[in-house]
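Please walk me through this structure.

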Amino acid sequence: PPNIALIGRLFELVAKEEADTEGLLAEDFVWHYFNRHLPELAGDYAGLEGVRTFFAKLGARMQGTFRLDDQPRVLYLGEELVAIHAHHVMKKDGEPIEVDAVVVFRVVQGQVSEAWDIL
């Protein structure tokens, strides 16, 4: 499905230094995040730079051990929603932790408009 390809492209852009989102993100795109174990990261992150900021903060907090799951499960939920479930192993305060996360993306008119990162 085309919306899944959009999400894949978003993660490619996050990893690159490019600022151009190639029309992928809506002008008012927001990444919503809350995790009671990481309250210092809670908040809304706007635009591509916001997503990059979020992942940079997460990477720093996890001492550089955070990695995206190589085999996430992807659910295509109609015309607007794509959900990705991933399992991550990383370190927090020097201790290994395992986390299951679901990110729900909303796609409107061919652009990613919102994402909710749920642990």
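**Salt bridges and a buried leucine**

Glu 40 and Arg 61 form a salt bridge, with their closest N and O atoms 2.5 Å apart. A salt bridge here is a side-chain nitrogen of Lys or Arg within 4 Å of a carboxyl oxygen of Asp or Glu. The pair links distant parts of the chain, 21 residues apart. Glu 40 sits in the loop between E1 and strand E2 (43-46), and Arg 61 lies in helix H2 (residues 47-61). Helices (H or I, at least four residues) and strands (E, at least two) are DSSP runs, numbered from the N terminus.

The model is predicted: local features need pLDDT of at least 70, side-chain atom pairs count only at pLDDT 80 or more, and totals for chains, interfaces and linings use all residues. Residues are numbered from 1 along each chain as its sequence is written, and side-chain values use heavy atoms, leaving out hydrogens and water.

How exposed are the two partners? Glu 40 has a relative accessible area of 43%, so Glu 40 counts as partly exposed. Arg 61, at 24%, is partly exposed as well. The cut-offs are these: buried means under 20% relative accessible area, exposed means over 50%, and partly exposed is in between (1.4 Å probe, protein chains only).

Arg 61 also forms a salt bridge with Asp 93. The closest N and O atoms of this pair are 2.9 Å apart. This link, too, joins distant parts of the chain: Asp 93 is in the loop between strand E4 (81-92) and strand E5 (95-108), 32 residues from Arg 61. Asp 93 is exposed, because its relative accessible area is 52%.

Next comes Glu 80, whose side chain meets that of Arg 106 in a salt bridge (2.9 Å, N to O). The two are 26 residues apart. Glu 80 is in the loop between strand E3 (73-77) and E4, while Arg 106 belongs to strand E5. Glu 80 is partly exposed at 35% relative accessibility. Arg 106 is partly exposed at 28%. Salt bridges that share partners join Glu 40, Arg 61 and Asp 93 into one network. The structure holds five salt bridges.

Now turn to Leu 25. Leu 25 is found in strand E1 (residues 25-34). Is Leu 25 buried or exposed? Its relative accessibility is 8%, so Leu 25 counts as buried. Leaving aside residues up to four places away in sequence, Leu 25 touches Leu 10, Gly 47, Leu 48, Gln 111 and Val 112. Contact means heavy atoms within 4.5 Å. Leu 25 and Val 108 are 83 residues apart in sequence, yet 9.6 Å apart in space, C-alpha to C-alpha.
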